Amino acid sequence: PFNLEYRLRRADGTYRWAIDTASPRFDADGVFLGYVGSVIDIDERREMENALRGSEEFTRRVLQSSADCIKVLDLDGHLEFMSEGGMCVMEVDDLGAVQGACWPDFWKGEEHPKALAAVQEARRGGTGRFQGFATTMKGSPRWWDV
C-alpha cells in the first residue's frame, strides 16, 4: 500500500495538489493484479493549512513581541497560558509553577472578588474588566489594569 502527495498539472496548465492512496490486489495464487485506490484533490486543504501556519506564526510573533501580560484562562479561571512578556511583568521564572493555578487566587483582599467577577463575566461571554493591586510572583507591588 502507498499514500503519496504530489502536484498534478491540469489541462489548462494549472497545478493542483493531490493525494494518491492505493493498495495492491492479488489473486488466490498471489499473482499481482494491480492497485485499487483513489486520487483526491487536496489543493484547497493545503492552502488552508498554509494559511493556518501563517496565522499561527503571526500570533506567535505578536505574543513574543508584546510586553503586555497576555494570559489564557479556562472557564473556571485556571491559568493555561501566559506570554513571555507577561512572565517578565509578573516576575514568573517558570510557567509550570503557576500553570493550572486558579488565577483569581493571585488577587488578595478586596481585589479577589473583582477577579472572580471578571472570570464570571467572561464565562457569560462578556468582558471582565477591573483595576486592582496585586504583587508579582517575587513580591513586587503593582497596580494592574485587567
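Is phenylalanine 2 buried, partly exposed or exposed? Phenylalanine 2 is partly exposed, because its relative accessible area is 28%, and buried would require under 20%. The structure is a predicted model.

**Phenylalanine 2 and strand S1**
- Phenylalanine 2 belongs to strand S1, which covers residues 2-9.
- Not counting residues up to four places away in sequence, phenylalanine 2 touches Asp20, Thr21, Ala22 and Tyr35.
- One of these residues, alanine 22, is 20 residues from phenylalanine 2 along the chain, yet their C-alpha atoms are separated by 5.6 Å.

**Largest nonpolar core**
- Fifteen residues make up the largest nonpolar core, and Met82, Val92, Leu95, Trp103, Trp107 and Phe130 have the most contacts inside it.
- Two or more residues of this core come from each of strand S5 (79-82), helix H3 (95-98) and helix H4 (111-123).
- H4 gives the largest share, three residues.
- In soluble globular proteins, nonpolar side chains tend to be buried together.
- Tryptophan 107, one of the core residues with the most contacts, is in contact with His112, Ala115, Phe130, Gly132, Phe133, Ala134, Trp144 and Val146, leaving aside its neighbours within four places in sequence.
- Among these partners of tryptophan 107 is Phe130, which is also listed with the most contacts inside the core.

**Strands S6 and S7**
- Strand S6 (residues 131-135) pairs with strand S7 (residues 141-145) in the antiparallel sense, over five bridges.
- Glutamine 131 has aspartate 145 in S7 as its bridge partner.
- Five residues lie between the strands of this hairpin, where glycine 139 takes a positive phi near 90°.

**Cysteines**
- The count of disulfides comes to zero.
- Cysteine 88 counts as exposed because its relative accessibility is 60%, and the cut-off for exposed is over 50%.
- Cysteine 102 is also too far for a bond, because its closest cysteine sulfur, again in cysteine 69, is 16 Å away.
- At 24% relative accessibility, cysteine 102 counts as partly exposed.

Definitions and conventions: Residues are numbered from 1 along each chain as its sequence is written. This is a predicted model: local features need pLDDT of at least 70, side-chain atom pairs count only at pLDDT 80 or more; totals for chains, interfaces and linings use all residues. Side-chain values use heavy atoms; hydrogens and water are left out. A nonpolar core is a set of buried Ala, Val, Leu, Ile, Met, Phe, Trp, Tyr and Cys residues joined through side-chain atoms within 4.5 Å. Buried means under 20% relative accessible area, exposed over 50%, partly exposed in between (1.4 Å probe, protein chains only). Helices (H or I, at least four residues) and strands (E, at least two) are DSSP runs, numbered from the N terminus. Contact means heavy atoms within 4.5 Å. A disulfide is a pair of cysteine sulfur atoms within 2.5 Å. Two strands pair if DSSP finds at least two bridges between them.
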